[in-house]
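Thank you all for joining. I would like to take a few minutes to walk through the charged and nonpolar side chains of one model, with the criteria stated as we go.

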Amino acid sequence: MLSLEQVKQSLERAGQAHVLQFWPELSGLERDAFLQDLSQLDLQRLREHCEGAARAAAAPPGSLDRHIEPVPPESIGSVRRSGSKALTEWEHEGLLQISQNRVGVLLLAGGQGTRLGVQYPKGMYNVGLPSSKTLYQIQAERIHKIQQLADRKYGSKSTVPWYIMTSEFTLAPTEKFFKENHYFGMEPSNIVMFEQRMIPAVTFDGKVILQGKGKLAMAPDGNGGLYQALVDNKVLEDMKKRGVEYLHVYCVDNILVKMADPVFIGFCVSKGADCGAKVVEKACPAEPVGVVCRVRGVSQVVEYSEIQPETAELRGPGGGLVYSAGNICNHFFTRAFLQDVAEKFEGQLKQHVALKKVPFVDSCGNQVKPIKPNGIKMEKFVFDVFPFSRNFVAFEVVREDEFSPLKNAGGAATDTPTTARASLLTQHLRWAAAAGATLCDEHGNTLPAPSASAGDTAPAQWEISPLVSYFGEGLEMLKGRTLQTPLILDEEKAKELRAQQHLCEK
């Protein structure tokens, strides 16, 4: 730990001496804690960080319209437009890589559920499924299942390690939650949790904000903090030791995410890609999602605010949007590419400005909760490495099958616990209907076949455990059956139905 004199000198050089203005009022314990926090800051780069934040906040957003173009067709795969033969080949390739222990998954879980109205990590959230499973449990069970599918096909005993990037806010509760739930049946040594860095929030004139008399206002450095965190926590070394060559990276809040999706993995591997992104077709030109495209010939994500409406509304000969590849934070990376980023490119990642209402103490030491944005939080985004890729590919998936984020509390128009729950249950109803089941409500009335429309709400409480089916496969025991809801098709119930089916076939 640095001495007080060393910290003072560094703060003065950075133009941030004000952070010690309440030092005489702090107790001995408070001083020790504050000095510890200040020592952990990158004090040498503090001036650069603060001045850069102020400049970035003052700069008007630029328009990239003259320089953008769609990702070329040869670099795009699609669940809807690719033939069944290609999809099957990609799936087999992905399962082969999983069976050889060459695939890992990495969860971006640094954010709290503040917008959901809770103060714990989003992964611990229960959206109200019949089973009461949390996002973490659903994802753990999907890892179990994809290992099982790979092992069954190739006679292996595979492991898909689960790397979980947390923040200062989410590490301890996440560790505790996993321990209390016995790691959801996974081997604890195959779950690697690590923290991303925290960086200070600053005022519009580039001054670090004091959250308390002896505490800086800190925030995670965005999901793009992943690349520095991989180095800080020796995660790349762990991947190398395990033989992991390919990494599937995703955000915690997507209830439909396909863990280590073998079709996506297989597509990227077969294309020789070092970097890939899943995308969904934009719902409308004005949908506020980033677009995967090229700028000056380089692949990247362009934020919706950086594209003029007339460009967003452009349509091709078939009537579809020219810029339709909506980014869903679902990516593929080779370990070699991540190593390159860590060694050569991390310092070149773009910084993004987020204007926030940051609680602070005023010059008199009074606590203030601002009613409008008063501070800047700088963030890096995970997709900011796309421009450094030598062979970037995009893979279009069906939104209703693979993307339903949980971002807002109940009552919001979109991305709520209700919409996430409905997306998953409606998907399960489609799987059951496709397997040949007839579904009835609690009164015995036959339910209509579920539609894939994104606006649908789930017509029944019909849930299929990921331990039974990863993506609709393995449901042959439902054929010809009439099943009454509510029903949870877990392993025990599936085993019972298979036994009944076996008896009938005899």
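Predicted model: local features only at pLDDT ≥ 70, side-chain atom pairs only at ≥ 80, totals over all residues.

Residues are numbered from 1 along each chain as its sequence is written, and side-chain values use heavy atoms, with hydrogens and water left out.

Let me begin with the salt bridges. Side chains of opposite charge can pair when their charged atoms come close. The criterion here is a side-chain nitrogen of Lys or Arg within 4 Å of a carboxyl oxygen of Asp or Glu, and the structure holds 23 salt bridges. One of them brings together the side chains of lysine 122 and aspartate 253, at 3.2 Å from N to O. This pair links distant parts of the chain, 131 residues apart, with lysine 122 in the loop between strand 3 (103-108) and helix 5 (135-154) and aspartate 253 in the loop between strand 10 (246-251) and helix 9 (262-270). For these elements, helices (H or I, at least four residues) and strands (E, at least two) are DSSP runs, numbered from the N terminus. Both lysine 122 and aspartate 253 are buried, where buried means under 20% relative accessible area, exposed over 50%, and partly exposed in between, with a 1.4 Å probe and protein chains only.

Next, consider aspartate 340, which is buried with a relative accessible area of 15%. Aspartate 340 forms a salt bridge with arginine 390, the closest N and O atoms being 3.1 Å apart. That pair again connects distant parts of the chain, since aspartate 340 sits in helix 11 and arginine 390 in the loop between strand 18 and strand 19, 50 residues apart. Arginine 390 counts as exposed because its relative accessibility is 65%. Aspartate 340 also has a salt bridge with lysine 344, where the closest N and O atoms are 3.5 Å apart. Both of these residues lie in helix 11 (residues 335-345), 4 residues apart, about one turn of the helix, and lysine 344, at 47%, counts as partly exposed. Elsewhere, Arg80, Arg81, Glu281 and Glu396 are linked in a network of salt bridges.

Turning to polar contacts, the term covers a pair of N or O atoms within 3.5 Å; within protein, one must be able to donate a hydrogen and the other to accept it, and residues adjacent in sequence count only if both atoms are side-chain atoms. Lysine 380, in the loop between strand 18 (375-379) and strand 19 (392-396), has a side-chain polar contact of 2.9 Å with glutamate 346. The relative accessible area of lysine 380 is 11%, so this residue is buried. Serine 10, in helix 1 (residues 4-13), is joined through its side chain to that of arginine 13 by a polar contact of 3.3 Å.

Finally, the surface: which residues make the nonpolar patch of about 260 Å²? Phe204, Val353 and Leu355 make it, given that patches consist of residues with over 30% relative accessible area and no salt bridge, like charges being joined within 9 Å and nonpolar side chains (Val, Leu, Ile, Met, Phe, Trp, Tyr) within 5 Å. Accessible areas come from the Shrake-Rupley method with a 1.4 Å probe, and for residues only the protein chains shown count as cover. Phenylalanine 204 is partly exposed, at 43%.
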